[in-house]
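Here is a friendly walk through a protein chain, with an eye on backbone angles, charged pairs and contacts. Have your viewer ready and follow along.

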Amino acid sequence: MVSIDINCDMGESFGNWSMGNDEAVMPYVTSANIAGGYHAGDPHVMRETVALAAEHDVGVGIHPGLPDKMGFGRRTMAASPEEVRDYVVYQLGALRAFADQHDVTFQHVKPHGAMYSMLSESNEHARAVMEGILDVDDNLIYLATDMNIYEVTEEYDDLRAVFEGYVDLDYRSDRSLIVEQEKEAPDPELVADRFVSIATEGEVEAATGEMIDVPADSICIHGDSPNAVELLEAIHNRVEEHDIELVPLDDIA
């Protein structure tokens with residue numbers, strides 16, 4: 001039996017602004033990446049999302065972003081490695097308190113948006129963040145979105161890391177993702193096919209038609225996709241057919 005995690009970015013509402021469909025999506029995932037209040041989220045949303053994860057026995061992790069709510073953490077910002085490290089540790093600590101309050105396992109860190117891009121492009125920034133995580137808790141898992149970051153995680157013997165793949169976005173032949181400007185509803189059967197291919201073979205078909213290696217132990221589903229629940233239902237149907245076990249990150253790394 002193959003074991004794999006399904007993670008989803010959550011808790012990205014704040015104030016009177018709603019984002020995603022957390023209540024409908026949570027029953028289908030095994031790990032939740034919860035916004036820490038910088039690019040999205042607020043203390044009340046963080047508490048509510050952690051409580052929802054606890055209700056569905058879903059592992060919790062921080063989804064830290066740059067301090068830029070107006071740009072949803074997707075705009076480039078000048079920040080030193082030390083500053084980015086502190087942004088991550090600050091948000092990690094805030095969410096971890098809510099996880100402790102609800103007796104939920106706090107298991108991982110997955111940087112968001114422009115912060116993720118910064119870490120992918122600068123090993124110095126990536127190392128600063130990873131060392132900051134280790135200083136807080138060397139049991140935490142770094143969820144790596146691309147191979148550049150994953151290779152940096154391998155420099156640290158005591159850092160647990162998991163590589164993640166995507167099935168509701170197309171890959172280029174170099175394993176970079178094609179991100180659409182506007183969210184469209186992906187074909188559930190195509191998404192389920194990709195999930196099975198990555199879970200069982202460690203590969204997926206790129207937009208060019210060639211098969212590329214995606215050695216992922218976690219798959220990200222975007223909760224703000226128009227048909228996210230339909231995608232997850234299709235994946236769960238395939239899981240049963242192919243003897244795939246869905247487990248949280250803490251059971252993989």
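At 73% relative accessibility, D103 counts as exposed (buried means under 20% relative accessible area, exposed over 50%, and partly exposed in between, with a 1.4 Å probe and protein chains only). You will find D103 in the loop between α3 (81-101) and β4 (106-109); helices (H or I, at least four residues) and strands (E, at least two) are DSSP runs, numbered from the N terminus. Although D103 is not a glycine, its phi is positive, at about 55 degrees. Most residues other than glycine have a negative phi.

D243 also deserves a look: its phi is near 55 degrees, a positive value in a residue other than glycine. D243 sits in the loop between α8 (228-241) and β12 (244-246). With a relative accessible area of 43%, D243 is partly exposed.

## How the model is read

This is a predicted model, in which local features need pLDDT of at least 70 and side-chain atom pairs count only at pLDDT 80 or more, while totals for chains, interfaces and linings use all residues. Residues are numbered from 1 along each chain as its sequence is written, and side-chain values use heavy atoms, with hydrogens and water left out.

## Salt bridges

Side chains of opposite charge can pair when their charged atoms come close. Here a salt bridge is a side-chain nitrogen of Lys or Arg within 4 Å of a carboxyl oxygen of Asp or Glu, and by this rule the count comes to 11 salt bridges. One of them joins R47 and E48, whose closest N and O atoms are 3.9 Å apart. R47 is partly exposed at 36%, and E48 is partly exposed at 46%.

E155 and R127 meet through their side chains in a salt bridge of 2.8 Å, N to O. Because E155 lies in the loop between α6 (147-153) and β6 (160-166) and R127 in helix α5 (residues 123-136), the pair ties together parts that are 28 residues apart in sequence.

Another salt bridge pairs D170 with R194, with the closest N and O atoms 2.3 Å apart. This pair links distant parts of the chain, 24 residues apart, with D170 in strand β7 (residues 170-171) and R194 in helix α7. D170 is partly exposed, at 30% relative accessible area, whereas R194 is buried, at 13%. There is also a network: salt bridges that share partners join D9, K110 and E164.

Which residues does S197 contact, leaving aside its neighbours within four places in sequence? They are G202, E203, V204 and M211, where contact means heavy atoms within 4.5 Å. S197 lies in helix α7 (residues 188-201) and is buried, with a relative accessible area of 17%.

## I252 after the last stop

I252 is found in the segment after β12, and at 23% relative accessibility I252 counts as partly exposed. Not counting residues up to four places away in sequence, I252 touches S3, I4, D5, V162, D217 and V247. For a distance check in your viewer, the C-alpha atoms of I252 and M115 are separated by 25 Å; these two residues are 137 residues apart along the chain.
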